[in-house]
Amino acid sequence: MTTQNENAALPPKTCSIERLVTMEADVKKVLAGEKTATRRNGRYADPGEIMTLEGRQFVVEKVYSQSLGELTDDDARREGFNTVEEYKQSILSYHPGMPWLPQMRVWVHEFSPVQD
């Protein structure tokens with residue numbers, strides 16, 4: 001996996017962490033432990049930031065850039081899907097008319113539950 005600028009300074013956020021996971025199905029997957037990453041076309045969080053979903057807290061552990069062509073089935077499983085193809089079809093259903101371009105870069109946000 002290529003992670004550009006993983007150790008370099010991150011560019012400014014383009015949105016707030018409250019918008020990182022908003023779809024009801026995705027929230028349920030996060031709460032069930034089935035989703036531990038989300039990809040966005042902008043940067044929504046900094047490492048160490050806390051996301052709260054239905055009263056539960058999750059800490060953002062890593063934020064890095066990745067191209068769609070680099071996605072693996074392991075990446076798809078972290079998104080709560082079995083395969084890249086399942087993940088791709090889900091994303092395209094949310095964004096009708098959006099092209100899926102292998103060279104398109106997205107921001108990966110990996111998170112885990114805050115331990116009490």
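Residues are numbered from 1 along each chain as its sequence is written. In this predicted model, local features need pLDDT of at least 70, side-chain atom pairs count only at pLDDT 80 or more, and totals for chains, interfaces and linings use all residues.

**The sheet.** Select the four strands, which form an open sheet in the order S1-S4-S3-S2 with antiparallel pairing. Strands (E, at least two residues) and helices (H or I, at least four) are DSSP runs numbered from the N terminus, and two strands pair if DSSP finds at least two bridges between them. At the edges lie S1 (37-40) and S2 (50-53), each pairing on one side only. From one strand to the next, the twist averages 35°, with axes fitted as lines to C-alpha atoms and angles running from 0 to 180 degrees between N-to-C directions.

Next, select S2 together with S3 (residues 56-67): four bridges join this antiparallel pair. Show Leu53 and then Arg56, its bridge partner in S3.

**The largest pocket.** Now select Arg39, Arg40, Ile91, Tyr94 and His95, the closest to the pocket centre among 24 lining residues. A pocket is an open set of points on a 1 Å grid over the protein atoms alone, where a 1.4 Å probe fits, with protein on both sides within 12 Å along at least five of seven lines; lining residues have an atom within 4 Å of a point. The volume of this pocket, the space filled by probe spheres set on the points, is about 480 Å³.

Finally, select S1 and helix H3 (84-94), the elements that give two or more residues to the lining. H3 supplies the largest share, four residues.

Methods
Heavy atoms only, no water.
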